[in-house]
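The following paragraphs go through one protein chain, from its overall make-up to single residues. Please keep the coordinates open while reading.

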Amino acid sequence: MKSEHPKTTGRSRHESGAGNRPVPAAGQRRLCLGEPQQDGRTARYVDVVMLAPGIACTEETFQSVAGTASHGYWQRLHQGEPDSWLTTRFLEMTILPLTEWLRARRGLAKKRQPAGGLSFAAYTEQLVEQLNRVSTGMKLLASIPRLLPVPLVRLPALHPGHPTTGTGASSTFQEIGPANGALRPAEDIRVLIADSGSDLRALAVAPLDAKAARDGRGSCAVIGLPYATVMQVGGLTNAFLWSPVVMLASLLCHAAHMLAGAYDTSPVEVPRSLTPGNFGTYTTTRSAAVALGDKAALRHAMLGAAGVSWLHAENFVQLPAFESATRAAFDYSGSLRTSGNHDLARTYEETAVGRRELWRLNERDVAREFGYKPRKSHEQAGQRDYSQCLLLVEPKELVSDKNLVDSPYSALMKGKIGKPRTFSGLKDSWERNWEKAMYLDLAFTPLKAALSLANTPVPSPIVNPVKNMYRLANAGRMAHYYASAEKPGPVDKAPSHAAEEAMNHTPVRFDAGRQEIDSASVDQVLEAARGVRHLQSVVAGNAPPPHMRTRRTYSVNELVDWADKKVVVPALLEVTPILSTAATVQRLTTPYAVSMTPREHRPLARSVAHRADLRVVVASMLRGEGSSSVTRLMTAE
């Protein structure tokens with residue numbers, strides 16, 4: 001069902017005077033962007049509709065809303081126009097015209113439109129509705145309206161029941177009141193979603209106040225969401241779609257970190273895969289690693305390569321940025337309670353609780369709850385192929401038929417997505433050079449064919465030597481990466497203890513005569529909290545201090561299971577031609593077999609196909625009933 005919200009006009013409004021400010025239409029609200037002067041000549045307005053508590057949407061472009069100083073989502077981008085690679089060109093010349101002819105012959109041809117013809121507001125609303133159907137998505141949406149910015153300006157003592165936070169226009173949105181057209185804080189809007197076009201490189205999220213988004217105060221944010229565009233991760237044999245609903249969840253996680261004042265843009269190097277043969281690293285930000293939710297990325301972002309132990313499991317209880325932001329909200333709540341404003345104090349206590357648990361909400365959990373394959377890398381790294389495709393159906397169809405996400409080429413042949421356009425410029429020199437070198441393996445194809453005809457199976461290392469040299473080189477890079485990681489030296493803990501003691505004795509003063517909270521005292525508390533956070537980070541080697549994490553030793557079975565999954569099974573498939581060929585054929589054909597089953601039976605078919613995956617079966621056979629491949633080998637000897 002399409003949205004019943006009034007459609008926004010899709011253009012910004014520039015007014016010449018305060019008295020000429022237009023009144024928003026019924027069902028719409030009008031936000032003022034920027035800092036208007038008293039004569040109103042620099043004021044700019046956009047129409048928005050509410051999609052959920054705390055979340056509004058406009059059909060304006062992201063650039064017109066956030067300005068040129070906005071922050072992109074990606075750390076690295078493909079330069080130039082996306083191109084088509086050989087597989088896509090082959091399909092365009094052969095299979096795609098045939099499938100289109102067959103659909104027309106059967107009367108199944110449809111005139112497809114981007115997002116099924118939905119407007120941007122209706123498209124975004126449908127994504128929000130879908131996100132609200134899974135547990136982590138519900139928690140994420142519920143957290144947005146609870147995350148109030150903590151002010152640092154002079155605050156009037158607010159009366160109970162008055163919702164105004166007094167944070168000023170720099171970190172919150174301003175809107176036109178429906179009664180007299182005067183500007184007022186848009187207190188219930190925390191996140192504004194704008195249209196960033198149909199290019200995934202324009203994916204973005206930007207705080208209204210970049211400093212407040214990092215220093216514990218918090219800032220409202222603007223999200224740039226691509227319209228009717230999906231990303232294909234991987235090539236022909238291992239591709240899947242990054243669903244738009246998971247994409248929105250990732251953007252909302254970034255925005256929530258900004259609202260909490262815990263947005264950390266510190267660059268970190270994290271692994272894209274811990275499989276030795278596919279090992280590689282990429283650079284991202286610490287907040288991006290938290291929002292992604294991948295355990296390996298989170299551990300490396302927080303502890304660094306030197307702090308990661310292969311014999312221990314690290315579980316985080318809290319993260320420093322969110323601990324500091326939580327303390328800031330609790331301290332401000334206490335100052336409000338001292339001034340007699342108990343209602344607003346309770347509101348900020350809820351904000352503090354929301355900030356404390358926010359880091360646990362991530363993209364990975366949302367993807368798994370939808371039954372999708374989660375991304376391993378926040379940046380466009382870790383795969384040789386990344387493409388963007390136009391979505392030609394409503395996004396809810398990707399939720400009702402998850403096989404479309406599992407098999408992009410099946411979705412392409414059904415006319416559900418457009419032709420993929422590849423970001424080939426994202427490949428680094430290491431991947432690009434090895435990819436070229438692997439063409440040398442084609443010289444061994446006649447040998448492989450001759451031996452196959454002679455009924456003599458040949459292991460992969462013999463007929464694909466370059467490919468296996470690449471894997472060995474990656475394993476060497478992995479060993480060098482961890483061996484060369486610098487370990488932090490001993491640090492004096494006395495300054496950290498002194499800073500904690502000073503912060504605990506920093507008062508928040510209230511001027512009873514002027515009925516105002518002294519902004520300078522609030523500044524001192526937050527500055528002290530930031531100092532403690534920094535010193536604790538230094539003491540822990542820029543990692544969460546010990547009280548924010550727990551550590552346990554892996555059991556022998558856990559270590560052997562990891563070796564089975566990452567080393568033994570891949571090696572066994574490589575040296576066993578029959579299993580390797582069968583696994584490849586199964587991976588290529590399974591999505592199409594699932595797509596041919598009736599839609600109501602596809603969830604069961606997907607489950608059966610996963611359990612029948614040869615890689616899963618081989619790993620289970622190696623482990624046996626609770627045993628491992630190593631245990632079986634030792635027993636055999």
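Among contacts in the chain between residues at least 6 apart in sequence, what percentage join residues at least 24 apart? The value is 74%, where contact means heavy atoms within 4.5 Å. This is a predicted model, in which local features need pLDDT of at least 70 and side-chain atom pairs count only at pLDDT 80 or more, while totals for chains, interfaces and linings use all residues. Residues are numbered from 1 along each chain as its sequence is written, and side-chain values use heavy atoms, with hydrogens and water left out.

The chain holds 25 helices and 20 strands; these are DSSP runs numbered from the N terminus, with helices (H or I) of at least four residues and strands (E) of at least two. Of its 637 residues, 49% are buried. Buried means under 20% relative accessible area, exposed means over 50%, and partly exposed lies in between, with a 1.4 Å probe and protein chains only.

Start with strand S10 (221–225). Because 5 of the 5 residues of S10 are buried, the strand is largely enclosed by the rest of the structure. In a regular strand the side chains alternate between the two faces of the sheet. In S10, Ala221, Ile223 and Leu225 point one way, Val222 and Gly224 point the other way, and all are buried. Strand S8 (residues 189–195) runs parallel to S10 and is joined to it by 5 bridges; two strands pair if DSSP finds at least two bridges between them. In that pairing, Leu192 stands opposite Val222. Strand S9 (residues 204–207) is joined to S10 by 4 bridges and runs antiparallel, with Val205 opposite Ile223.

Tyr227 forms an edge-to-face aromatic pair with Tyr123, at 5.4 Å centre to centre and 75° between the planes. For such pairs, the rings of Phe, Tyr and Trp (its six-membered ring) must have centres within 6.5 Å; planes under 30 degrees apart count as stacked, over 60 as edge-to-face and the rest as tilted. By the ring rule the count comes to 13 aromatic pairs.

S11 itself belongs to an open sheet of 4 strands in the order S12-S11-S16-S17, with antiparallel pairing. Strand S12 (240–242) and strand S17 (421–422) are at the edges; each has a single partner strand, so one side of each is left without a neighbour in the sheet. Helix H6 (residues 244–259) packs on the sheet and touches S11 and S12, its direction making about 40° with that of S12. That angle, on a scale from 0 to 180 degrees, is between N-to-C directions of axes fitted to C-alpha atoms, for helices over the stretch in contact.

Within the sheet, S11 (residues 229–233) and S16 (residues 386–390) pair over 5 bridges, and Gln232 stands opposite Ser387. Ser387 also stands opposite Thr422 in S17, where 2 bridges join S16 to S17. Since 4 of the 5 residues of S16 are buried, this strand is largely enclosed by the rest of the structure.

Two arginines lie over tryptophan rings: Arg375 over the face of Trp242, at 3.8 Å from the ring centre, and Arg477 over the face of Trp430, at 4.2 Å. The rule requires NZ of Lys or CZ of Arg within 6 Å of the ring centre and within 35 degrees of the ring normal.

Helix H18 (residues 465–483) has 19 residues and should span 27 Å at 1.5 Å a residue, which agrees with the 27 Å between its end C-alpha atoms. The expected span is 1.5 Å times one less than the number of residues.

The last stop is Thr550, in strand S20 (residues 549–553). Thr550 is partly exposed, with a relative accessible area of 39%. Its C-alpha atom is separated by 5.2 Å from that of Asn315, 235 residues apart along the chain. Leaving aside neighbours within four places in sequence, Thr550 is in contact with Ala313, Glu314, Asn315 and Val317.
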